[in-house]
Amino acid sequence: MKANPKNVLTGAHYLDGDHACSEGALAAGCNFVAGYPITPSTEVVERMTERFPTIGGIFIQMEDELASMAAVVGAAWSGAKAMTVTSGPGFSLMMENIGLAAMMEAPCVIINVQRGGPSTGLPTLPGQADMMQVRWGSHGDYEIIALSPNSPQECFEFTIKAFNLSEKYRVPTFVMSDECVGHMTEKVIIPPADQIELEPRRYTTLSPAEYLPFKPEKDLVPQIIKAGDGYKIHITGLTHDEKGYPVMNWQTQEKLVRRLVDKIRLNQDKIVEFEEENTGDAEVILLSYGISSRVAIPAIQKARKEGIKVGVLRLIVVWPFPEKRIYQLAKKIKAFVVPEMNYGQIVLEVERSAKGQAEVYLVPHGGGWVHDPEDIYKAIKEAVR
Amino acid sequence: MKFWRKPLDADKIQIPHGELHIVWERCKGCSFCVEYCPREVLELSIEFNSKGYHPPVVKKPDDCVKCGLCEMLCPEFAIWVTEKEVDKVES
Amino acid sequence: MSETQVIGKTPQKAEEHPMAKILRMDRIPHIWCSTCGIGTALTSFATALEKVNIPLDHICVVSGIGCSGRIAGYVKLDSFHSTHGRALPFATGLKLGNPKLKVVVISGDGDIAGIGGNHLIHSARRNMDLVVLCINNFVYAMTGGQTAATTPLTAITSTSPYGNYERPFNLPHLAASCGAVYVARWTCLHVRRLAKSIEEAINKKGFSFIEIIAPCSTIYARRNRLGDGLDLMKFYHDNAIIKHGADTRELDIGYQDKIIVGKFVDIERPTFLDSLNAWNKKVLGEKFREYGGPND
């Protein structure tokens with residue numbers, strides 16, 4: 001399925017990351033946004049409010065983020081392509097209904113323009129400390145997909161990608177941007193609509209009598225319907241059987257939750273995406289994501305000038321985590337250097353995936369500003385010593 | 001049906017007769033239907049159902065006028081009434 | 001002489017319940033206690049649905065969490081059992097995502113006025129085109145009977161064992177003052193009037209709010225030594241005063257005091273979508289493209 005030309009602002013633009021997210025969402029066919037103002041993400045919805053009336057779409061400013069996320073799940077079930085946008089404190093409030101989206105398998109996109117935390121923290125300054133919250137923030141067991149852009153161009157592209165993945169796997173999908181990327185203004189190339197591939201919603205072809213809302217297909221993802229089509233489904237946040245009816249026992253829990261987790265875990269080779277550079281003969285690999293991957297470039301260049309063989313592994317999809325590839329690389333190299341704007345989140349996953357085959361060095365940063373490349377350089381030096 | 005005073009339109013009015021349907025095992029014995037039946041058609045049975053409740057039984061079947069109040073008040077969807085036959089009012 | 005068809009006891013064939021077409025009979029018997037009023041509220045809703053002019057395919061039910069929240073699981077409509085307190089925003093998303101749907105929120109007092117209070121006032125303020133049936137049993141019944149935002153003063157609950165000292169909400173007044181265009185209150189005993197009200201609310205555009213006073217036998221009646229649900233129904237019979245158009249400020253419910261019921265508000269005001277479309281059309285003219293739903 002191709003993008004609808006009326007939604008796509010084809011051409012070269014000078015956009016900040018937040019506005020690029022909006023354009024990505026529109027190109028992906030987003031037609032419903034519920035949000036609540038929060039710095040530094042507000043520009044995303046501001047642009048949507050400007051663009052929606054002329055292309056057809058609904059924006060509603062809800063009373064809080066709890067409501068925003070609940071409205072997004074509701075809109076997803078009415079057949080809309082729904083999205084919400086927030087930052088740290090709002091992200092915490094959304095957790096309740098992110099769990100609902102996971103349980104109801106509602107395709108939806110959440111953009112988190114991360115800022116410094118905890119609590120109100122640094123509203124106008126960047127952070128990357130929600131990387132574990134996005135994976136584990138709501139209660140219970142579930143899986144999500146999260147992408148991390150490092151430029152406005154990627155904000156545009158990854159938002160489309162996020163919509164596609166959310167449709168394909170019927171899972172809440174996250175674009176984990178940050179204040180730096182969100183407010184960075186760069187050239188963004190928006191291709192013609194016929195070059196933008198979209199994943200259609202997995203509407204069922206079965207009749208209401210045959211259709212079971214949670215009966216999985218081969219890839220463990222069930223087909224969907226939209227409210228108002230006469231299927232008269234019941235969808236609940238309670239543990240449910242294939243019919244969608246609540247069943248309170250461990251067998252149903254096992255079957256349902258196992259599938260919610262497995263539909264991502266067993267398909268992770270198809271979902272995982274990363275960029276590799278010079279990893280073939282590397283002695284140390286700089287593993288990063290989002291803005292940290294750009295800040296690390298001077299440090300890598302400096303180290304390479306000194307003859308250190310530095311490879312780069314940049315995560316595009318952060319969750320599910322590319323554990324297999326990291327283990328393969330760990331066996332060949334001395335160490336991973338992981339700069340991130342938190343005190344150790346993704347680095348824990350790197351350690352887990354490396355299984356002791358390589359050293360793992362964290363270059364932490366509390367947020368509020370990006371790393372000094374010098375600190376990353378020092379860590380690379382330390383790693384090869 | 002006898003009236004104390006004959007209504008002016010008695011010859012035109014047809015009083016419906018209801019036939020009651022009770023799902024014995026679905027009843028939870030709240031007795032809303034028994035209490036609020038305007039013609040006191042129902043009473044609670046002496047017998048228990050398997051849940052241990054006393055479902056209603058029809059005490060005066062001929063008196064049911066299919067008003068449907070029992071059907072609407074029943075929280076269990078365990079009682080309903082269908083129209084049985086239409087009698088002319090005796091004048 | 002008429003024969004009663006006692007189904008299950010005697011092997012007689014009987015037709016299914018007339019409301020079966022809008023109920024998930026495969027899930028009956030439901031979870032509600034004996035003499036609970038929620039089932040009665042549901043029959044009133046089902047009765048109203050038979051009379052409304054909207055095709056059943058286009059009517060959706062959204063519930064939150066709690067005893068009343070389970071209603072979504074028993075109606076044979078597109079029905080959603082969302083998170084605690086979030087039925088209204090979920091319904092808002094459902095409605096805006098596909099404006100041709102008629103969305104009815106059926107949930108409890110704790111869900112709608114307690115944890116979801118903020119969503120209630122804002123949905124009313126926006127005049128979101130939703131019908132809200134708020135089943136008020138005065139306590140958090142599902143969790144064992146804790147004090148709610150609606151518990152009358154001095155009533156005993158599991159978290160106010162010596163009596164409640166917190167002033168409760170006057171729900172019709174709250175909804176009306178926030179901008180609801182249709183506000184009514186009935187008890188579970190007033191089934192016909194309630195069904196009529198629900199029918200009116202569904203046929204009306206805008207934010208309609210109906211408070212349904214329901215007996216809770218296991219928790220509220222038992223803890224307060226009020227007998228069972230039937231005794232509460234008898235209490236409603238003796239103490240409910242029908243007063244259409246009553247000033248909503250006078251609708252507070254005291255402990256075992258009179259309950260004023262009736263239709264209090266029935267006005268016209270543009271809905272959220274009406275306003276959105278009209279304003280954008282006015283400002284943007286030809287450039288405005290109205291969102292008509294997912295197939296648009």
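## The interface of chains A and C

Chain A and chain C bury about 3600 Å² between them, and carbon and sulfur atoms give 60% of that area. This is a predicted model, so please read every value here as computed from it. On the chain A side, Ile58(A), Glu63(A) and Lys232(A) together supply 19% of the area that chain A buries against chain C, more than any other three residues. The contact draws on 46 residues of chain A and 45 residues of chain C.

Lys232(A) turns up again among the charged pairs: Asp57(C) forms a salt bridge with Lys232(A), with the closest N and O atoms 3.1 Å apart. Which elements of chain A give two or more residues to the side that touches chain C? They are helix H2 (42–55), strand S3 (58–61), helix H3 (65–77), H4 and strand S10 (234–236). The largest share, 8 residues, comes from H3(A). By class, this side of chain A divides into 24 nonpolar, 14 polar and 8 charged residues.

## The interface of chains C and B

Now to the other contact. Chain C and chain B bury about 3300 Å² between them, 62% of it on carbon and sulfur atoms. Here 41 residues come from chain C and 37 residues from chain B. There are 2 salt bridges across the interface by the rule; in one of them, the side chains of Glu35(B) and Lys234(C) meet at 3.8 Å, N to O. The count of residue pairs in polar contact is 10, with both residues at pLDDT 80 or more.

On the side of chain C that touches chain B, the elements giving two or more residues are strand S1 (5–7), helix H1 (38–51), helix H6 (191–203) and helix H8 (229–239) of chain C. H1(C) gives the most, with 6 residues. The residues on this side of chain C are 21 nonpolar, 14 polar and 6 charged.

## How the chains are arranged

Which pair of chains shares the most contacts? Of the 2 pairs of chains in contact, that is chains A and C. Chain A and chain B do not touch, and their nearest C-alpha atoms are 19 Å apart.

Chain B has 2 helices and 4 strands, which run β-α-β-β-α-β from the N terminus on. The C-alpha trace of chain B spans about 50 × 20 × 15 Å along its principal axes.

The largest pocket holds about 480 Å³ of space. It is lined by 26 residues, and the closest to its centre are Met1(A), Gly29(A), Asn31(A), Lys81(A) and Pro294(C). Its lining has 11 nonpolar, 7 polar and 8 charged residues.

The second largest pocket has a volume of about 360 Å³. Of its 19 lining residues, Gly99(A), Leu100(A), Met103(A), His139(A) and Gly237(A) lie nearest its centre. Helix H4 (88–104) and helix H8 (250–265) of chain A are the elements that give two or more residues to this lining, and H4(A) gives the most, with 5 residues. The lining of the second largest pocket divides into 8 nonpolar, 9 polar and 2 charged residues.

How values were computed. Residues numbered from 1 in each chain as written. Chains lettered and ligands numbered in written order. Predicted model: local features only at pLDDT ≥ 70, side-chain atom pairs only at ≥ 80, totals over all residues. Heavy atoms only, no water. 1 Å grid on protein atoms, 1.4 Å probe; cavity = no way out; pocket = protein on both sides within 12 Å on 5 of 7 lines; lining within 4 Å. Points joined across faces, edges and corners; volume = space filled by probe spheres on them. Nonpolar A, V, L, I, M, F, W, Y, C, P; charged D, E, K, R; others polar. Contact = heavy atoms within 4.5 Å. Buried area = accessible area lost by both parts, 1.4 Å probe. Salt bridge = Lys/Arg side-chain N within 4 Å of Asp/Glu carboxyl O. Polar contact = N/O pair within 3.5 Å; in protein donor to acceptor, adjacent residues only side chain to side chain.
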